[in-house]
Amino acid sequence: MNSDQMHGHLREMKGWALENWGRVTHDPWLKIAGRRERLLGRLEASLAESRRLAESSFPRRNANN
């Protein structure tokens with residue numbers, strides 16, 4: 001797991017916490033903000049995973065080749 005994936009998972013956890021805090025406090029805007037953060041975190045982690053797979057499929061060439 002690379003740092004971009006970790007950042008995405010942490011952002012998703014932050015969103016989960018915000019959403020649940022919004023439920024506890026009955027704040028619909030906080031729940032919406034939490035869902036947004038969860039979605040962005042998932043997208044960020046997914047993008048990092050796709051980038052990792054693409055880079056491993058196509059190794060970089062040396063400048064001398």
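**View 1. E37 in helix α2.** E37 is found in helix α2; helices (H or I, at least four residues) are DSSP runs, numbered from the N terminus. This is a predicted model, in which local features need pLDDT of at least 70, side-chain atom pairs count only at pLDDT 80 or more, and totals for chains, interfaces and linings use all residues. Residues are numbered from 1 along each chain as its sequence is written, and side-chain values use heavy atoms, with hydrogens and water left out. E37 has a relative accessible area of 11% and is therefore buried. Buried means under 20% relative accessible area, exposed over 50%, and partly exposed in between (1.4 Å probe, protein chains only). Leaving aside residues up to four places away in sequence, E37 touches R11, E12, K14, G15 and L18. Contact here means heavy atoms within 4.5 Å.

**View 2. The pairing of α1 with α2.** Helix α1 covers residues 3-25 and helix α2 covers residues 28-57. Their axes come within 7 Å and cross at roughly 165°. Axes are lines fitted to C-alpha atoms, for helices over the stretch in contact, and angles run from 0 to 180 degrees between N-to-C directions. α1 and α2 are therefore roughly antiparallel to each other, a term for angles over 145 degrees. The crossing of α1 and α2 is left-handed. That is, the near helix is turned anticlockwise from the far one by less than a right angle. Residues in the contact of α1 with α2 divide into 8 nonpolar, 9 polar and 14 charged. Ala, Val, Leu, Ile, Met, Phe, Trp, Tyr, Cys and Pro count as nonpolar, Asp, Glu, Lys and Arg as charged, and the others, Gly among them, as polar.

**View 3. The buried residues of α1.** In α1, Q5, G8, G15, E19 and G22 are buried. These buried residues of α1 pack against α2.

**View 4. The buried residues of α2.** G34, E37, G41, A45 and A48 are buried in α2. The buried residues of α2 pack against α1. An α-helix has 3.6 residues a turn, so residues three or four places apart point the same way. α2 has 30 residues and reaches 44 Å from its first C-alpha to its last, close to the 44 Å expected at 1.5 Å a residue.

View 5. A45 lies in helix α2. Is A45 buried or exposed? A45 is buried, because its relative accessible area is 8%. A45 touches Q5, G8 and H9, not counting residues up to four places away in sequence. The C-alpha atoms of A45 and L18 are separated by 19 Å, with the two residues 27 apart along the chain.

**View 6. H26 and P28.** H26 lies in the loop between α1 and α2. Its relative accessible area is 69%, so H26 is exposed. Phi of H26 is near 60°, a positive value in a residue other than glycine. Most residues other than glycine have a negative phi. P28 is found in helix α2. P28 is partly exposed, with a relative accessible area of 46%. The C-alpha atoms of P28 and E12 are separated by 18 Å, and the residues are 16 apart along the chain.

Note on methods:
Helix = DSSP H or I, 4+ residues; strand = E, 2+ residues; numbered from the N terminus. Parallel < 35°, antiparallel > 145°, perpendicular 65-115°, else oblique. Expected span 1.5 Å × (residues − 1).
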